[in-house]
Amino acid sequence: MKYEYALKLILLAVFLTLAASSGAFAEPQKLETLVIDETKTLEESVCVEFLARGLQTSGLFELEALSQIPREPNPSGKPYDLTVIVPEKILQVWLVTADIPARLPDFLQRDLLLIKEIVAQIYNGSDCTLRQAVDTSDDLAPALYAAVLLQNGWLQSPR
Amino acid sequence: MKSKFVLALVLVFLAGVATVPSAQTPTADQIMQMVENRFQGNDSQVQVQLDTTNAQGQTRTLQIETKSFLYDKQNIKYKILVTVTAPADLKSLAFLVWENKYPKPDDRWLYQPSLKTVKKIEPENARTSLFGTVFNFEDVNGRPAEADTHKLLRNEPIEGRQAWVIESTPKNPSIVEFSRRVVWIDQESLAILKEELYDKQKGDLLRVFKLAKQEKIDNIWTNLIATVEHVQTQTKSKYTYSNVKYNTGIPESAFDPNNLGK
């Protein structure tokens, strides 16, 4: 009886170890996301904070920030899965990925849709000036910046 | 008939005495300069509730903590730190202002807690909305006297306080939303008891500010409750100050942009 109990404990421990190493119980990995906030006014910058808070609340994104689009290679060598650019003068939010959404993994496509929803909630309300989220298949600007950021090591090919 | 005429003359004379400023009255420019320079402590700390109600009657509340520091050197008058404490979607957002002497625009920084970023905000018109309320920064911190030309219209009582009534027109109308403003200034506390702004289009009433409550705290006249109504959009905001403290020795480092969010 004692042996049976001990054997069960050992088997359970082995199972948990294997499960943990295979990622079965791991939380879904957050997307490393670079937010580039080019806005300059108080009102617009507060809206970017709303956007960042919305992304954080979803629990799907790990955020870092820059205040302008980098033109030089990424010094950290750590590329991001996704870049969200809030341009100063163009009333859009650019969702910059390494490829067009249709060719991205399902989870990334879902996350892009979620970001579009968050952007709509924030920028279609009364507090923030209307902006529309566009991805690399919607508009030339995000597609162009995807090429630049990919080349300079800021963006990585989908995992 | 004659006595009625004499009575009318006496009344006109008395009315004149009551409304025309006497020789001892300071000039409009002097009054506005006194308003600007009134002592507000070497430093102060206050909790503020801002309630904004739109035309549909929906009210939104914002709670902030404001710290200010009388710097008065290197062309900087005050350093002011505003931190949002509620609602949750704005909590910890912080806004730092170094109020420069006119005409240099203020220096401003914003701390975005979700991005852990401090960013310099471009010099903006100080009359833009303060966090979506009808108040602007000048309502809280005062409008520089030198920004306008002033004319003393009359003395009159308002809400039981004797006030100077001054009409001001902006020297640079292109950067403000109004064509002229009329202010009622309390002759004792030098607080603005009421302000009316008139628009640029037809000179219609645009906005009305009213001070509802003021008290002396640590011997400093302090505005505690004020309302402002945008007459044309029918949006109203009200600020309520609490836990006002003066001269507590807030360190100057609290107003360093590099320390925002720390």
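This is a predicted model: local features need pLDDT of at least 70, side-chain atom pairs count only at pLDDT 80 or more; totals for chains, interfaces and linings use all residues.
Residues are numbered from 1 along each chain as its sequence is written, chains are lettered from A and ligands numbered from 1 in the order in which they are written, and side-chain values use heavy atoms, with hydrogens and water left out.

**Entry: who touches whom**

I looked up the residues in contact, which means heavy atoms within 4.5 Å, and found 18 residues from chain B and 18 residues from chain A.

I then asked which elements of chain B give two or more residues to the side that touches chain A. They are strand S5 (107–112) and strand S6 (117–121) of chain B, where helices (H or I, at least four residues) and strands (E, at least two) are DSSP runs numbered from the N terminus. S6(B) gives the most to this side, with 3 residues. The residues on the side of chain B that touches chain A divide into 9 nonpolar, 3 polar and 6 charged; Ala, Val, Leu, Ile, Met, Phe, Trp, Tyr, Cys and Pro count as nonpolar, Asp, Glu, Lys and Arg as charged, and the others, Gly among them, as polar.

**Entry: salt bridges**

A salt bridge is a side-chain nitrogen of Lys or Arg within 4 Å of a carboxyl oxygen of Asp or Glu. I found 30 of them over all chains, and the count between chain B and chain A is 2. One that I looked up is formed by the side chains of A:Asp127 and B:Arg60, at 2.8 Å from N to O. A:Asp127 lies in the loop between helix H3 (106–123) and S5 of chain A, and B:Arg60 lies in strand S2 of chain B, so the pair joins two chains.

**Entry: the sheet of chain A**

In chain A, 5 strands form an open sheet of mixed pairing, in the order S2-S1-S3-S4-S5; two strands pair if DSSP finds at least two bridges between them. Strand S2 (61–66) and strand S5 (132–135) of chain A stand at the edges, each with a single partner strand, so one side of each is left without a neighbour in the sheet. The twist averages 25° from one strand to the next, with axes as lines fitted to C-alpha atoms, for helices over the stretch in contact, and angles running from 0 to 180 degrees between N-to-C directions.

Strand S1 (residues 31–37) of chain A and S2(A) pair in the parallel sense over 6 bridges, and the bridge partner of A:Ile36 in S2(A) is A:Leu66. Helix H2 (residues 42–58) of chain A packs on the sheet, touching S1, S2, strand S3 (82–86) and strand S4 (92–96) of chain A, and its direction makes about 155° with that of S2(A).

Strand S1 (residues 43–53) and strand S2 (residues 59–73) of chain B run antiparallel, joined by 11 bridges, and B:Thr52 stands opposite B:Arg60 in S2(B). In S13(B), the bridge partner of B:Thr52 is B:Ser237.

I also checked the backbone, bearing in mind that most residues other than glycine have a negative phi, and most peptide bonds are trans. B:Asp72, in strand S2 of chain B, has a positive phi near 55°. The peptide bond from B:Ala86 to B:Pro87 is cis, with omega near 5°, and another cis peptide bond joins B:Tyr102 and B:Pro103, with omega about 10°.
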